[in-house]
Amino acid sequence: MKIIMLGAPGAGKGTQAKRIAAKYSIPHISTGDIFRANIKNNTELGQKAKTYMDKGELVPDELVVDLIMDRFKEADCANGYVLDGFPRTIPQAEALDKALTANKEAVDFAINVEVPDENIINRMSGRRACVGCGATYHIEFNPSKSEGICDVCGEKLILRDDDKPETVKNRLSVYHEQTQPLIEYYSKKNVLKEVDGTKDMEEVFSSIVDVLGK
Ligand code: AP5
C-alpha cells in the first residue's frame, strides 16, 4: 500500500503516519525527519536543508527527489510506505509518478488531513520534539509522562526552531502556494481522501482506518 499524507504544517500528518505505519506494517518516511537527522549529524545535505527550513521555505525539489528515490531502494519499501511531507510541490508529485509508473505502480491513497489555519499556530507552539528519536508530543493534547523528557528514549524535548510563530506563518503561506495544489492533483487521479483533522487524534486515526480498510 502506497500512501501519501497531505495537509498543512502541523495538521497531524506525522502523528497519523506513525500510527498507519504501525498498523499496516509499512515504513513511515518523513522527509522532514530525514532532513532533521542530517542537520543533527551536520552532513552536507543537512547544512543545505537548514538554510531553507529555518526560514520556513521548501528545500529545492532536486535535493528532495534524489533523497526519496534513494530511500525507496531500501528493502523495507517492498510492500509500500506512508509518505509524510513528500510530495510537497507539483514537480515532486510528477517525479514520484514517473518513478512509480516505470515500475507499473501507483499511489493508492492521498489522505488530506484538513485543519484550518486558525488551529495550526496553537498546535505548533505546543508541539515538543525529541532531540534523540524525533518523537513528537503536545503540551496540552499529547503530553509526555515526565515534562520535557521523551517517553521513548529519555532525551530532552524541545520546541523546533521552525515552530516559532513567525516561521509558522511563512510555512503556512508556502503551504497554500506550493503544496495545496496537490489536493486537486490527487483528486483528479481519484485517490484523494479527506479527513477532518480537527478531531482528537484517536478519532482522526479511526477515520483514516475507515478509508484504508481494516
Ligand atoms: P516537516 O517536518 O514535514 O514539517 P510540516 O509538513 O510542516 O509538518 P509538521 O511536521 O510540522 O506537522 P505534522 O502535520 O506532521 O503535524 P504533527 O503530527 O507533528 O518539514 C519541515 C521542513 O522541512 C519544511 O518546512 C521544509 O523546509 C522541509 N521539507 C520537508 N519535506 C520537504 C519536501 N518534500 N520538499 C521541500 N522541503 C521539504 O502534529 C503537530 C502538533 O499537533 C503535535 O504537537 C501533535 O501532538 C499535535 N496534534 C496532532 N494531531 C492532533 C489532533 N488531532 N488534535 C490535537 N493536537 C494534535
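Which element gives the largest share of the shell around the ligand? The notes below take up the ligand shell, a pocket, a sheet and some backbone geometry.

1. Basis of the note. This is a predicted model, in which local features need pLDDT of at least 70 and side-chain atom pairs count only at pLDDT 80 or more, while totals for chains, interfaces and linings use all residues. Residues are numbered from 1 along each chain as its sequence is written, and side-chain values use heavy atoms, with hydrogens and water left out.

2. Ligand shell. The largest share of the shell, four residues, comes from α2, where helices (H or I, at least four residues) and strands (E, at least two) are DSSP runs numbered from the N terminus. In total 35 residues surround the ligand, the closest being Thr 15, Glu 57, Arg 88, Arg 127 and Arg 171; a residue is counted if one of its heavy atoms lies within 4 Å of the ligand. The shell divides into 14 nonpolar, 10 polar and 11 charged residues, with Ala, Val, Leu, Ile, Met, Phe, Trp, Tyr, Cys and Pro taken as nonpolar, Asp, Glu, Lys and Arg as charged, and the others, Gly among them, as polar.

3. Polar atoms at the ligand. A polar side-chain atom of Arg 88 lies 2.5 Å from an oxygen atom of the ligand, and a backbone N or O atom of Val 59 is 3.0 Å from a ligand nitrogen. For Arg 123, an N or O atom of the side chain lies 3.4 Å from a nitrogen atom of the ligand. The protein covers 97% of the 1000 Å² of accessible area that the ligand has on its own (Shrake-Rupley method, 1.4 Å probe). Two or more shell residues come from each of α1 (13-24), α2 (31-40), α6 (117-126), β6 (136-138) and α9 (201-212).

4. Second largest pocket. Its volume is about 190 Å³, a volume being the space filled by probe spheres set on the grid points, which are joined across faces, edges and corners. A pocket here is an open set of points on a 1 Å grid over the protein atoms alone, where a 1.4 Å probe fits, with protein on both sides within 12 Å along at least five of seven lines, and lining residues have an atom within 4 Å of a point. The lining, which includes Lys 2, Phe 72, Tyr 81 and Glu 105, divides into eight nonpolar, one polar and three charged residues.

5. Sheet. Three strands form an open antiparallel sheet in the order β6-β5-β7, with strands taken to pair if DSSP finds at least two bridges between them. Because β6 and β7 (157-158) stand at the edges with a single partner strand each, one side of each is left without a neighbour in the sheet. Ala 129 has Ile 158 in β7 as its bridge partner.

6. Backbone geometry. A cis peptide bond, with omega about -5 degrees, joins Phe 86 and Pro 87. Ser 25 has a positive phi near 55 degrees.

Key:
A polar contact is a pair of N or O atoms within 3.5 Å; within protein, one must be able to donate a hydrogen and the other to accept it, and residues adjacent in sequence count only if both atoms are side-chain atoms.
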